[in-house]
Amino acid sequence: MPLYEYFCKPCNGIFEELRPIREATDPVPCPQCYKDAARIMPTSFAAFTFRDGYPRRIPDDGKFYHLGKKVSRLVSSGRPNEHPEVNKPEPKPRKTKGELQELKEMRQAAAKGQLSDLYGNAVRPEEVPAAVEQGKGLRQATPRGGGE
Ligand SMILES: [Zn+2]
């Protein structure tokens, strides 16, 4: 099978594929973004360079493409479909004053042995932030025989 060249527009990338002659002009899915890439005809002018192991069409703006989005560096770790510039981790929401106050009160209740989880197990003060973070149902346990 002859080797043909294909150009992926979203990635600005060029790649080669071994294909049967009769399928040579059919689009080929790009190895990076899986979008259809058109064949580069041998008669057309296509100057390209290699950068970081990827063929790039000239002019090369130094950027990379990830799932059709322009990014400034290649994905080097994590899941291949996720790029740190495309899928930025959600920033942790800051706790409001009310939430901090609530947390403080829960810790105080826990210190007095008056806080329990949904199963009735006592919650220690140092366990309160993690339990709240995980969305565990904490409730004020009324001490036996007591009352407000
Ligand atoms: Zn592509």
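Start by selecting Leu74: this residue is partly exposed, because 14 other C-beta atoms lie within 10 Å. (A residue counts as buried with 20 or more other C-beta atoms within 10 Å of its own, as exposed with 12 or fewer, and as partly exposed in between, with C-beta atoms placed from the backbone.) Before moving on, note that this is a predicted model, where local features need pLDDT of at least 70, side-chain atom pairs count only at pLDDT 80 or more, and totals for chains, interfaces and linings use all residues. Residues are numbered from 1 along each chain as its sequence is written.

**Around Leu74**

Leu74 sits in the loop between strand S8 (69-71) and helix H1 (97-111). Helices (H or I, at least four residues) and strands (E, at least two) are DSSP runs, numbered from the N terminus. Which residues does Leu74 touch, not counting those up to four places away in sequence? Select Asp52 and Phe64 to see them. Contact here has a cut-off: the two C-beta atoms, placed from the backbone, lie within 7 Å.

**The hairpin at Asp52**

Stay with Asp52, which takes a positive phi near 55 degrees in the hairpin of S5 and S6, where two residues lie between the strands. Colour S5 (residues 48-51) and S6 (residues 54-57): they run antiparallel and are joined by four bridges. Strands pair if DSSP finds at least two bridges between them. Look for Arg51, with Tyr54 of S6 standing opposite.

Next, select Tyr6 and find Phe15 of S2 opposite. Six bridges join S1 (residues 3-8) to S2 (residues 13-18), and the two strands run antiparallel. Four residues lie between these strands in the hairpin, where Asn12 takes a positive phi near 60 degrees. Asn12 is also one of the contacts of Tyr65, along with others including Pro10 and Val71.

**Zoom out**

Finally, show the whole protein chain, with its two helices and 10 strands. Buried residues make up 12% of its 148 residues.
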